[in-house]
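The sequence and structure come first, and the description follows.

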Amino acid sequence: MNNTPPQMSREDILRIRLDMLRREHRDLDQAIAALDMEARADILTIRRLKKRKLLLKDEISRIEDTLTPDIIA
């Protein structure tokens with residue numbers, strides 16, 4: 001019997017990563033909104049969260065581009 005786990009395809013791995021990134025992006029969005037509602041919100045923290053959110057969006061876009069083949073019409 002072979003006890004090695006089945007190998008995941010590169011596409012499967014990218015889809016899992018994409019799901020994780022989307023979840024983190026959504027969580028950051030909620031955290032930023034909550035901080036924005038506070039009267040004494042830490043501007044630096046909000047700025048860092050927004051920067052992280054933009055980085056996540058860029059990585060999400062890269063993965064989506066990899067998973068979606070270009071179709072020339």
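## Burial and basis of the model

Of the 73 residues of the protein chain, 19% count as buried, where buried means under 20% relative accessible area, exposed means over 50%, and partly exposed is in between (1.4 Å probe, protein chains only). The accessible surface of the chain comes to about 6500 Å², and 54% of that belongs to carbon and sulfur atoms; areas come from the Shrake-Rupley method with a 1.4 Å probe, and for residues only the protein chains shown count as cover.

The model is predicted: local features need pLDDT of at least 70, side-chain atom pairs count only at pLDDT 80 or more, and totals for chains, interfaces and linings use all residues. Residues are numbered from 1 along each chain as its sequence is written, and side-chain values use heavy atoms, with hydrogens and water left out.

## Overall form

The protein chain has two helices and zero strands. Helices (H or I, at least four residues) and strands (E, at least two) are DSSP runs, numbered from the N terminus. Along its principal axes the C-alpha trace spans about 60 × 45 × 15 Å. The radius of gyration of the chain is 18 Å, whereas a compact globule of 73 residues would have one near 11 Å. This radius is taken over C-alpha atoms, and the globule rule is 2.2 Å times the number of residues to the power 0.38.

Among contacts between residues at least 6 apart in sequence, 70% join residues at least 24 apart; a contact means heavy atoms within 4.5 Å. The chain carries 15 positive and 14 negative charges, and their mean positions are 4 Å apart. Lys and Arg count as positive and Asp and Glu as negative, while His and the chain ends are not counted. The place of a charge is NZ of Lys, CZ of Arg, CG of Asp or CD of Glu.

## Helix 1

Helix 1 covers residues 10-37, and its 28 residues should span 40 Å at 1.5 Å a residue; the end C-alpha atoms are 41 Å apart, which agrees. The expected span is 1.5 Å times one less than the number of residues. Buried in helix 1 are Leu14, Leu18, Leu21, His25, Leu28, Ile32 and Leu35, and these residues pack against helix 2 (43-67).

Isoleucine 13 lies in helix 1 and is partly exposed, with a relative accessible area of 47%. Its C-alpha atom is separated by 30 Å from that of alanine 33, 20 residues apart along the chain. Aspartate 19 also has its place in helix 1 and is partly exposed at 37% relative accessible area. Between the C-alpha atoms of aspartate 19 and alanine 41, 22 residues apart along the chain, the separation is 29 Å.

## Helix 2

The buried residues here are Ile46, Leu49, Leu56, Ile60, Ile63 and Leu67. Their cover includes helix 1.

Arginine 47 lies in helix 2 and counts as exposed, at 55% relative accessibility. The C-alpha atoms of arginine 47 and isoleucine 32 are 15 residues apart along the chain and separated by 9.0 Å.
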